[in-house]
Amino acid sequence: MLVNGKPYRTVWLEGTNPPRVRIIDQRYLPFRFVVETLEDVASTAIAIKEMHVRGAGCIGATAGFGMYLAALEAIRHSDPLQALRGFAEQLKTTRPTAVNLAWAVDRQFQVLEKAGSPDGWVAIALETARNIADEDAHSCQEIGRHGLPLIQEVASRKCAGAPVNILTHCNAGWLAFVDYGSATSPIYAAHDAGIPVHVWVDETRPRNQGARLTAWELASHGVSHTVISDNAGGHLMQHGQVDLVITGTDRTTYTGDVANKIGTYLKALAAMDNGVPFYVALPSSTFDWEIADGIHGIPIEERPAKEVTHVSGLVSGACGEDETTLQILPSGSAASNPAFDVTPARLVTGLITERGICTATEEGIARLFPGFRECSSHSALQLATPKT
Ligand code: MRU
């Protein structure tokens, strides 16, 4: 997508001998646009863990490039395969919920392990990382193509010129992927096709990905939007001000349960109560083909309490504007910070994927992705248990 007229992805390669890995450091948005170079596996792991990059697809693609950096480092070790396995584990343990992370690392590890001699690892890892990133961008573009008719259909029932009101939670935009985004991709497609759209953007406490990132993205693309507090969505739905909800997801079970940013479940409940369609957009890399019960099976990240006890924002001072952090709770109060929740499949109207739209059911998903479940492996476990 364009940033000040220049096309960017969230993670990319630059230069030669060897190509360097660059990311947009999203911690500084929307106030500053900062690009970071990932020098090695350690800095890649920090970038994922501390959310310089975030969002399932973006984390996965960054981890894919991290495995390219891992290959560069591992071939200098006396036991390259053992070193590679360690780097893979290091990357996979950075964040637990988004399945794209393990998916990308496992894909790289399996390809490199199969290649045998470490001589070709760097070239192979580079190509695989590029493929992961390109596929992510392509899938998201296709999600836009398949989701567009949903918005067109709502628009056709409205008075001419009246906007289609779409509510979204967190940031499932291009910043959460390599390009285009999942939930935002149909929105960008509709906007670009001249359909009037207006987006209700949940601020998404505590990290405020909606207020900081989705709002910035939509503004940059000229899409009409309004940031609302996280608790406002139900009220808007009761008053007919939401036509559609579209969210992203960090992991969706093969039965259709959806893990997404904390608060998504409450939006799905409100949508069901008010007859508002609730769609979830995802590339197939976000399916977990091994977990059936999302509520009991999907690991939910618990993030630092400080994200709840403090808020960050821009302050104006004598020397200009700067970002600062303020405490908002009494010093003695405990805080808890589960970062994701699970929306049961029964509350999801449909899944928008790169292959089309399906119901959030085992049958619907299997029809679009035949054979995927059978081909998935428990490579995470294999990785954790070194071969003897
Ligand atoms: O904690 P984050 O910012 O990595 O959260 C992930 C998300 O961006 C959202 O849950 C999003 O809706 C999922 S779509 C990649």
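How many helices and strands does the protein chain have?

## Overall fold

The protein chain comes out with 14 helices and 18 strands. Keep in mind that this is a predicted model. Along its principal axes, the C-alpha trace spans about 65 × 60 × 45 Å.

What about the radius of gyration? For 388 residues, a compact globule would sit near 21 Å, and the protein chain has 21 Å, so the two agree. Buried residues account for 54% of the 388. Looking at contacts with a separation of 6 or more, 74% are between residues 24 or more positions apart.

## Around aspartate 179

Aspartate 179 sits in the loop that runs between strand 6 (164-168) and helix 6 (184-192). Its relative accessibility is 10%, and since the cut-off for buried is under 20%, aspartate 179 counts as buried.

Setting aside neighbours within four places in sequence, aspartate 179 touches Met1, Tyr8, Arg9, Asp136, Ala137, Cys140 and Trp174. For methionine 1 there's a bit more detail: its backbone nitrogen lies 2.8 Å from a polar atom of the aspartate 179 side chain. Phenylalanine 340, by contrast, is 161 residues from aspartate 179 in sequence and 23 Å away in space, C-alpha to C-alpha.

## The second largest pocket

The second largest pocket has a volume of about 720 Å³. Its lining is made up of 27 residues, with Arg27, Glu50, Arg207, Glu307 and Ser312 nearest the centre. Helix 7 (209-221), helix 11 (306-309), strand 14 (310-317) and strand 15 (320-327) are the elements giving two or more residues to that lining.

Sorted by class, the lining has 13 charged residues, along with seven polar and seven nonpolar ones.

Terms used. Residues are numbered from 1 along each chain as its sequence is written. This is a predicted model: local features need pLDDT of at least 70, side-chain atom pairs count only at pLDDT 80 or more; totals for chains, interfaces and linings use all residues. Side-chain values use heavy atoms; hydrogens and water are left out. Helices (H or I, at least four residues) and strands (E, at least two) are DSSP runs, numbered from the N terminus. Buried means under 20% relative accessible area, exposed over 50%, partly exposed in between (1.4 Å probe, protein chains only). Contact means heavy atoms within 4.5 Å. A polar contact is a pair of N or O atoms within 3.5 Å; within protein, one must be able to donate a hydrogen and the other to accept it, and residues adjacent in sequence count only if both atoms are side-chain atoms. On a 1 Å grid over the protein atoms alone, a cavity is a set of points where a 1.4 Å probe fits but cannot get out, and a pocket is an open set with protein on both sides within 12 Å along at least five of seven lines; lining residues have an atom within 4 Å of a point. Grid points are joined across faces, edges and corners, and a volume is the space filled by probe spheres set on the points. Ala, Val, Leu, Ile, Met, Phe, Trp, Tyr, Cys and Pro count as nonpolar, Asp, Glu, Lys and Arg as charged, and the others, Gly among them, as polar. The radius of gyration is taken over C-alpha atoms; the globule rule is 2.2 Å times the number of residues to the power 0.38.
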